[in-house]
Amino acid sequence: MVPLWMYLAVGAALFCIGTYTVLSRKNAIAILMGVELMLNAVNLNLVGFWRYQAPENMSGQAFAAFVLVIAAAEAAVGLAIIIAVYRSRRSVVVEDVDLLRW
């Protein structure tokens, strides 16, 4: 059986990579991918804690399913916004989007 610290180490590494991606990229699609990576890291930690702390209690899996639903909704809304911005600006660079400044 894989020890808990390995799940947490992989989850922390994925979360750090996602955070770096969000903070360093200008492309909106890359930023969405970074957010998805961070949410998957959270899911890995939730399932790892569920498995080692209370496998008879389904709360860890319920939280993981909830995070998956939030990630799907975030991806759908984010991609819709990016497509709308691309149609009007012909760019997906986040710094070029200043639609609320008009």
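Buried means under 20% relative accessible area, exposed means over 50%, and partly exposed lies in between (1.4 Å probe, protein chains only). Helices here are DSSP runs of H or I with at least four residues, numbered from the N terminus.

Before going on, note that this is a predicted model, where local features need pLDDT of at least 70 and side-chain atom pairs count only at pLDDT 80 or more, while totals for chains, interfaces and linings use all residues. Residues are numbered from 1 along each chain as its sequence is written, and side-chain values use heavy atoms, with hydrogens and water left out.

**Stop 1: along H3**

The expected span is 1.5 Å times one less than the number of residues. What covers its buried residues?

**Stop 2: across to H2**

Select residues 28-53, which form helix H2. Its 26 residues should span 38 Å at 1.5 Å a residue, and the end C-alpha atoms are 37 Å apart, which agrees. Colour the buried residues of H2, among them Ile31, Leu32, Met38, Leu39 and Trp50. Ala28, Ala30, Gly34 and Asn43 are also on that list. Which helices do they pack against? The partners are H1 (4-24) and H3 (59-89).

Next, zoom in on the start of H2. A side-chain oxygen of Asn27 comes to within 3.0 Å of the backbone nitrogen of Ile29.

**Stop 3: Thr21 on H1**

Pick Thr21, which sits in helix H1. Is Thr21 buried or exposed? Its relative accessibility is 17%, so Thr21 counts as buried. Leaving out residues up to four places away in sequence, Thr21 touches Ala30 and Gly34. Contact here means heavy atoms within 4.5 Å.

**Stop 4: the patch at Val2**

Select Val2, Trp5 and Met6, which make a nonpolar surface patch of about 310 Å². Patches take residues with over 30% relative accessible area and no salt bridge; like charges are joined within 9 Å, and nonpolar side chains (Val, Leu, Ile, Met, Phe, Trp, Tyr) within 5 Å. Val2 lies in the segment before H1. At 38% relative accessibility, Val2 is partly exposed.

**Stop 5: the salt bridge**

How many salt bridges does a search of the whole structure find? There is one. A salt bridge needs a side-chain nitrogen of Lys or Arg within 4 Å of a carboxyl oxygen of Asp or Glu. Select Glu95 and Lys26, whose side chains meet at 3.9 Å, N to O. This pair links distant parts of the chain, 69 residues apart: Glu95 is in the segment after H3, and Lys26 is in the loop between H1 and H2. Glu95 is exposed, at 58% relative accessible area. Lys26 is partly exposed, at 48%.

**Stop 6: after H3**

Go to Arg90, which follows H3. Arg90 is not a glycine, yet its phi is positive, about 60°. Its relative accessibility is 61%, so Arg90 counts as exposed.

Finish at Asp98, also in the segment after H3. Asp98 is partly exposed, at 24% relative accessible area. Draw a distance to Glu74: the two C-alpha atoms are separated by 21 Å, and the residues are 24 apart along the chain.

Conventions. Helix = DSSP H or I, 4+ residues; strand = E, 2+ residues; numbered from the N terminus. Polar contact = N/O pair within 3.5 Å; in protein donor to acceptor, adjacent residues only side chain to side chain. Areas by Shrake-Rupley, 256 points an atom, 1.4 Å probe, with all protein chains shown as cover.
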